[in-house]
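Visitor: I am new to this structure. Please take me through one part of it closely, and keep it brisk.

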Amino acid sequence: MAGVQVDQTVRTQEVVATFDVYGEAERAVDLLADRDFPVERTAIIGRGLHMVEKVTARLTWASAAGRGALAGAVPGALVGWIFGLFNWVNPLAAAVLLALYGAIFGAVIGALTGVLIYALSRGRRDFVSVTALGADHYDLVVDADVTEQAVRLLEEAGLRRASPAPDGQA
């Protein structure tokens with residue numbers, strides 16, 4: 001690729017702190033940034049990854065139609081507004097009116113599509129969920145040549161030092 005330089009060097013990194021919650025690791029990096037540490041030489045590594053699927057609602061014919069209608073109304077309104085904005089349909093029609101018509105048309109098409117997809121699933125997945133990735137703990141690692149500086153800054157702030165990894169590297 002022309003004009004793009006890729007750093008080909010392999011850097012040794014060491015764990016300087018371990019946190020049970022991602023937000024704590026994020027705050028530690030923020031603290032390092034506030035103290036002029038070169039944060040581009042840090043990484044937060046999640047260990048013991050697991051997927052969590054949180055069920056948020058039961059899926060019914062009505063909710064499938066409602067979700068589909070909402071999913072169709074938004075792009076429908078956007079397309080109608082663009083047509084009205086550029087006067088592609090009728091110079092006298094207002095962009096807002098065309099956006100409303102687009103939202104209604106999109107909602108109808110979306111609702112029909114949502115119901116069709118729900119019908120095709122034949123009850124195999126009658127729920128709505130959100131999937132997230134989690135970790136058992138988060139290691140804050142830094143390049144080996146700035147480890148001492150990071151450890152000093154974290155200890156000054158009262159954050160615990162991680163026990164060294166078995167091989168001393170991340």
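Guide: Two rings of Phe, Tyr or Trp count as a pair if their centres lie within 6.5 Å, with the six-membered ring used for Trp. Planes over 60 degrees apart make the pair edge-to-face. This is a predicted model. It holds two aromatic pairs.

Take Tyr22 and Tyr138. Their ring centres are 5.5 Å apart, and the planes stand at 70 degrees, so the pair is edge-to-face. Tyr22 belongs to helix α1, while Tyr138 sits in strand β3. The pair therefore ties together parts that are 116 residues apart in sequence. Tyr22 is partly exposed, with 40% relative accessible area. Tyr138 counts as buried, at 12%.

The other pair is Trp61 with Tyr118. It is edge-to-face too: 4.8 Å from centre to centre, with 85 degrees between the planes. Trp61 is in helix α2 (residues 61–85), and Tyr118 is in helix α3 (residues 95–121). Here the linked parts are 57 residues apart in sequence. Tyr118 is buried, with a relative accessible area of 12%.

Now to helix α4, which spans residues 147–156. Its buried residues are Thr147, Ala150, Val151, Leu153 and Leu154. Seen down the helix axis, they fall within an arc of 165 degrees, so they line one face of α4. An α-helix has 3.6 residues a turn, so residues three or four places apart point the same way. On the other side of α4, Glu148 and Glu156 are exposed.

What do the buried residues of α4 pack against? They pack against β1 (13–19), α1 (22–34) and β3 (127–143). Two of these elements have come up already: α1 carries Tyr22, and β3 carries Tyr138.

Look at α1 against α4. The two axes come within 10 Å and cross at roughly 105 degrees. The helices are therefore roughly perpendicular to each other. Ala28, Leu31 and Leu32 stand on the α1 side of the contact. Across from them are Ala150, Leu153 and Leu154 of α4. The residues of this contact divide into six nonpolar, no polar and no charged. Ala150, Leu153 and Leu154 are also among the buried residues of α4.

One last stop is the end of the helix. Gly158 follows α4, and its phi is positive, near 85 degrees.

Key
Residues are numbered from 1 along each chain as its sequence is written. This is a predicted model: local features need pLDDT of at least 70, side-chain atom pairs count only at pLDDT 80 or more; totals for chains, interfaces and linings use all residues. Side-chain values use heavy atoms; hydrogens and water are left out. Buried means under 20% relative accessible area, exposed over 50%, partly exposed in between (1.4 Å probe, protein chains only). Helices (H or I, at least four residues) and strands (E, at least two) are DSSP runs, numbered from the N terminus. The arc is that of the directions from the helix axis to the C-beta atoms. Contact means heavy atoms within 4.5 Å. Axes are lines fitted to C-alpha atoms, for helices over the stretch in contact, and angles run from 0 to 180 degrees between N-to-C directions. Angles under 35 degrees count as roughly parallel, over 145 as roughly antiparallel, 65 to 115 as roughly perpendicular and the rest as oblique. Ala, Val, Leu, Ile, Met, Phe, Trp, Tyr, Cys and Pro count as nonpolar, Asp, Glu, Lys and Arg as charged, and the others, Gly among them, as polar. Rings of Phe, Tyr and Trp (its six-membered ring) pair if their centres lie within 6.5 Å; planes under 30 degrees apart count as stacked, over 60 as edge-to-face and the rest as tilted.
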